[in-house]
Amino acid sequence: MKILGLVGSYRRNGNSDILAKEALMGAEVAGAEVELLRLTDYEIQACQGFGLCLFREEGCHIGDGVKEIWAKIGEADGVLLSVPCYFLESTAILKQLLDRGWVLAHRGTLRGKYGSVLVPYATRGWIPYAMLQPNIFFGILGFHVIHRATFNVQGLGEAVHDEPGLEKAHRIGKELAVAVREQDPAYRSEPGLCPICHDWNIRILQDRKAVECPTCGVRGVLTIENGTIDVSFEEKALAEYRFDPEVGYNHFTYHIKPSKDYFLQTREERKAKVKRYKNYLA
């Protein structure tokens with residue numbers, strides 16, 4: 001059993017590093033082999049949006065460090081993602097890697113593995129999207145997420161003073177290893193409003209009658225009872241969340257795949273029309 005720590009921060013021995021290492025120590029206690037990988041040690045180029053990776057056997061054509069990162073994740077049974085929240089959300093390097101996961105999401109290459117999220121942050125009230133990128137990252141890869149946790153540690157390396165936080169990180173790492181060993185995907189952190197990603201962000205739809213989790217795409221009805229706001233979701237809606245394999249298959253089959261034929265059919269017309277823009281402000 002192997003647990004891989006992924007750190008999405010440039011600061012070595014900073015809060016993300018410290019929490020990840022404490023969690024990995026907990027995983028070791030539960031019998032796991034552990035490894036730490038810093039995303040910032042790798043060249044991660046931006047996705048170029050070709051979409052050809054979905055149709056080619058060799059996948060993404062970009063020659064950088066991303067394939068090595070996916071290979072490391074592929075070797076692991078569980079992943080501990082430790083990424084700080086800066087301006088309201090996770091650092092950019094996680095989004096950069098997430099965008100490159102398109103073909104893996106389509107093929108389900110890493111589906112069924114286990115993961116947990118650790119997010120250190122500085123200021124309370126400034127983390128509304130802290131779990132957005134981690135949730136999408138594990139969602140598109142098809143991971144079972146065991147824990148999602150935030151840690152209020154403002155100063156550089158301040159996590160070493162947060163004994164309760166260190167104990168929580170240690171427990172999270174240990175419980176991830178136990179979940180892998182026992183093949184138990186049960187969610188162990190405090191539940192959120194969305195029963196799938198457990199985030200608290202809700203989007204009001206234009207009809208102003210329904211709401212949805214913008215990450216998972218599940219729709220529900222807003223309710224207020226005794227002054228308490230809640231959302232009720234139907235079982236059918238929960239079975240059709242955005243990252244469900246069948247939903248992903250239908251998305252590719254009926255939305256993405258047909259675009260290839262249209263792209264080829266309109267190639268010459270598109271080349272002619274794009275001339276208007278090609279040299280403008282070049």
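Modeller: The side chains of Lys 2 and Glu 35 are joined by a polar contact of 2.7 Å, a term that stands for a pair of N or O atoms within 3.5 Å, where within protein one must be able to donate a hydrogen and the other to accept it, and where residues adjacent in sequence count only if both atoms are side-chain atoms. This is a predicted model, in which local features need pLDDT of at least 70 and side-chain atom pairs count only at pLDDT 80 or more, while totals for chains, interfaces and linings use all residues. Residues are numbered from 1 along each chain as its sequence is written, and side-chain values use heavy atoms, with hydrogens and water left out.

Lys 2 belongs to strand β1, residues 2–7; helices (H or I, at least four residues) and strands (E, at least two) are DSSP runs numbered from the N terminus. With a relative accessibility of 13%, Lys 2 counts as buried, since buried means under 20% relative accessible area, exposed over 50% and partly exposed in between, for a 1.4 Å probe and protein chains only. Beyond its neighbours within four places in sequence, Lys 2 is in contact (heavy atoms within 4.5 Å) with Glu 33, Glu 35, Glu 75, Ala 76, Asp 77 and Gly 78.

Further along the chain, Leu 6 is in contact with Leu 37, Leu 39, Ile 73, Val 79, Leu 80, Leu 81, Ser 82 and Phe 137, again leaving aside neighbours within four places in sequence. Leu 6 is also, with Trp 70, Ile 73 and Phe 137, among the residues with the most contacts inside the largest nonpolar core, which has 37 residues; such a core is a set of buried Ala, Val, Leu, Ile, Met, Phe, Trp, Tyr and Cys residues joined through side-chain atoms within 4.5 Å. At least two residues of this core come from each of β1, α2, β3, α3, α4, β4 (114–121), α5 and α8 (245–265). A second core of 24 residues is separate and includes Ala 30, Ile 146, Ala 169 and Ala 179. In soluble globular proteins, nonpolar side chains tend to be buried together.

Helix α3 (residues 92–99) has Ile 93, Leu 94, Leu 97 and Leu 98 as its buried residues. Seen down the axis of α3, these fall within an arc of 140 degrees, so they line one face of the helix; the arc is that of the directions from the helix axis to the C-beta atoms. Their cover includes α2 (66–75), β3 (78–82), α4 (102–107) and α5 (132–141).

As for the cysteines, zero disulfides (pairs of cysteine sulfur atoms within 2.5 Å) are found in a search of the whole structure. The sulfur of Cys 47 lies 6.6 Å from the closest cysteine sulfur, in Cys 53, which is too far for a bond.
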